[in-house]
Amino acid sequence: MTVWRKTYQALDSADEYLTRIFDYVTWRDLWLLLLTVAFVVFLAGVTPFAHVLREDAYNFTVKGMEISLGDFSLDRPQAIGWPLLLGLVFSIMSVDNVFEAMYVSRWTSILCTAFGVFALGKACSAMLADRSQKGIAVMIVFVYMANALIYTMARSAMSEALFVLLVIGVVYFSIRATEGDALDIRSLVTAALLAAVSYYVRPNGLFVFAALVVTIVLHSWGSRKSTIAAVVVSSAVFVIAISPYLYARFAAFGSPFDYGPNSKYFVDHYEHVWADNIAAPSLWEYLSTHSIAELYGRFVDGGLLSVLKHLERWLLNAPGAVIALFGAVAVFLLRKRRAYIVPLTLVVSIAGISMVYEIFGTVRHLYYLLPLMLLCAAAAFFVLERYRVPVQSIAAAAIILLVAGDLPLVVWMGPEQRQIPQVKDHWAVWASNNIEGTVAIVEGGDFLKMSQHYEPIGWRVAKSFRDVAPHIRVWRPGVYDTLDEAMIHFKKINLRYLITDREGLKRRPYLRDVTDPRWQDQFKHLGYFPVGDKGARLHHVNIYEIIY
């Protein structure tokens, strides 16, 4: 007991010291802006600008370049929000080179991530609404800045950075709208508009708006007229704002909610998502063809439990997750109506994501939940401090542990990593210059598109980025049991070339048979590329010409 008493006394003394320090901190916008600028500098230092963008990030950048040239056509698998912002930035900066565009995309992502510091600080201060709690707000912002996944998000040049910023904005204006007994309509309309913009960036914006509606209902529960009016106003704003986007997707794809492969929510394996020969079953078809045990494994074990496990493992550690859960519960028990939006967005998002997480279960889909969990933790600290728990010293110790744990994962980039990126994969450069026609490759088709010229600057924009290498059409091979089955489809689409690598063969095992002697007359080996320059992404690549 003596040890515990002394430990508590030490923490309490540290807490008083930290409180005196925070009393000198003017928690104003200038202080937040200074932190934001410092975070921009730090993120720029740990970002490998010299690496080319891949897959989704590359496609977002390509679409942004097309938009800067006036081509607003939609890509079926992707939302348009992030490319719209990139297109605006590219137009302002007169970017006309895909590698320069990659460089600028990373900077745009960094700025969005860093501005999250400012937005999170404002939201936390508005939620606590007590100047004596400024220390908690400072701590929450530093935890956000110390999280290694935030660094990953910043340098990825993906849509998550903008989506996280918009979600924090919805939370802030929802808090402002519910501060008093009567709803503030201006703040409510702003929150609904930001929720609509977030839907342009990611379909998850629908979860955010749903949480906003539930917040309005709970806040105005005693007054039916005001509840109905507020729900109608916010819903009208949201629907009107997203209507042009929904109509554009309906006109282009026949359904406003059709995202092509990304709409295959109920296939059995992730490899089926990008396989043209595998149809997307409906929810009813999936439910009627699977047992109760399989449904449990899909939606509970592989869904909800996996989401919760990844939240605890990657976003916050176990103690942090427990504190966030305590804060979420405390918000409702203490009837902190202004903060309802925070746990509600968490609950609605987790429920929605769990439905498809076994198939689309990447951690980046959970990034926007981190600031929500931090705000829940802030609510928990606010409650604990009322019971004379030295939360500021505990939070300070947690930040030190977070930084110590994540520091080995952070690598400060040298000058060579701050240059315009270039392709390092020799196979892609060779293939782009020596073959033409339809090419099958599991992963790496983006390299073929960006490798028309090896020089980092000099690949000038054509009318559309899809026309930059018009002699090559990239196709991802489907999922088949045997090469015999695959060859029927290969011949139907007049497939000319096949490119394989080690990882691709693991994902499409039937392609291993191209080395079988009975297929040697139909697969002519053109070249083997074991490794590329430092920074190359695909190794042990083989290129075959298909002869029918």
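Phe39 counts as buried at 2% relative accessibility, where buried means under 20% relative accessible area, exposed means over 50% and partly exposed lies in between, computed with a 1.4 Å probe on protein chains only. The model is predicted, so local features need pLDDT of at least 70 and side-chain atom pairs count only at pLDDT 80 or more, while totals for chains, interfaces and linings use all residues. Residues are numbered from 1 along each chain as its sequence is written, and side-chain values use heavy atoms, with hydrogens and water left out.

**Aromatic rings**

- The structure holds 22 aromatic pairs, and rings of Phe, Tyr and Trp (its six-membered ring) pair if their centres lie within 6.5 Å, with planes under 30 degrees apart counted as stacked, over 60 as edge-to-face and the rest as tilted.
- In one of these pairs, the rings of Phe39 and Tyr144 have centres 6.4 Å apart and planes at 55°, so the pair is tilted.
- Because Phe39 lies in helix α2 (residues 29-45) and Tyr144 in helix α6 (residues 134-146), this pair ties together parts that are 105 residues apart in sequence; helices (H or I, at least four residues) and strands (E, at least two) are DSSP runs, numbered from the N terminus.
- Tyr144 is buried, with a relative accessible area of 1%.
- The rings of Trp519 and Phe523 have their planes at 75° and their centres 6.3 Å apart, so this pair is edge-to-face, and both Trp519 and Phe523 are buried.
- Tyr199, Tyr200, Phe209, Phe238 and Tyr245 are linked by ring pairs into a cluster.

**Charges over rings**

- The charged end of Arg249 sits over the ring of Tyr259, at 3.9 Å from the ring centre, where a charge sits over a ring if NZ of Lys or CZ of Arg is within 6 Å of the ring centre and within 35 degrees of the ring normal.
- The charged end of Arg298 likewise sits over a ring, that of Tyr286, at 4.8 Å from its centre.

**Loop residues**

- Ser73 lies in the loop between α3 (55-68) and α4 (81-93), and Ser73 is partly exposed, with a relative accessible area of 37%.
- The side chain of Ser73 makes a polar contact with the side chain of Asp71 at 2.8 Å; a polar contact is a pair of N or O atoms within 3.5 Å, in which, within protein, one must be able to donate a hydrogen and the other to accept it, and residues adjacent in sequence count only if both atoms are side-chain atoms.
- Although Ser73 and Ala248 are 175 residues apart along the chain, their C-alpha atoms are separated by 8.7 Å.
- Ser94, found in the loop between α4 and α5 (98-128), has a phi near 55°, a positive value in a residue other than glycine, and Ser94 is exposed, with a relative accessible area of 60%.
- Ala157 has a phi near 60°, also a positive value in a residue other than glycine, and is found in the loop between α7 (148-156) and α8 (160-177); at 0% relative accessibility, Ala157 counts as buried.

**Cysteines**

- The structure holds 0 disulfides, a disulfide being a pair of cysteine sulfur atoms within 2.5 Å.
- Cys124 counts as buried at 0% relative accessibility, and Cys376 counts as buried at 1%.

**The sheet**

- An open sheet of 5 strands has the order β2-β1-β3-β5-β4, with mixed pairing, and two strands pair if DSSP finds at least two bridges between them.
- At the edges stand β2 (472-475) and β4 (523-529), each with a single partner strand, so one side of each is left without a neighbour in the sheet.
- Strand β1 (residues 437-441) and strand β3 (residues 495-500) run parallel and are joined by 4 bridges, with Ala440 standing opposite Leu498 in β3.
- Strands β3 and β5 run antiparallel and are joined by 4 bridges, and the bridge partner of Ile499 in β5 is Ile543.
- Strands β4 and β5 also run antiparallel, joined by 6 bridges, and the bridge partner of Phe523 in β5 is Ile546.
- Strand β5 (residues 541-546) is mostly covered, with 6 of its 6 residues buried: Val541, Ile543 and Glu545 lie on one side, and Asn542, Tyr544 and Ile546 on the other.
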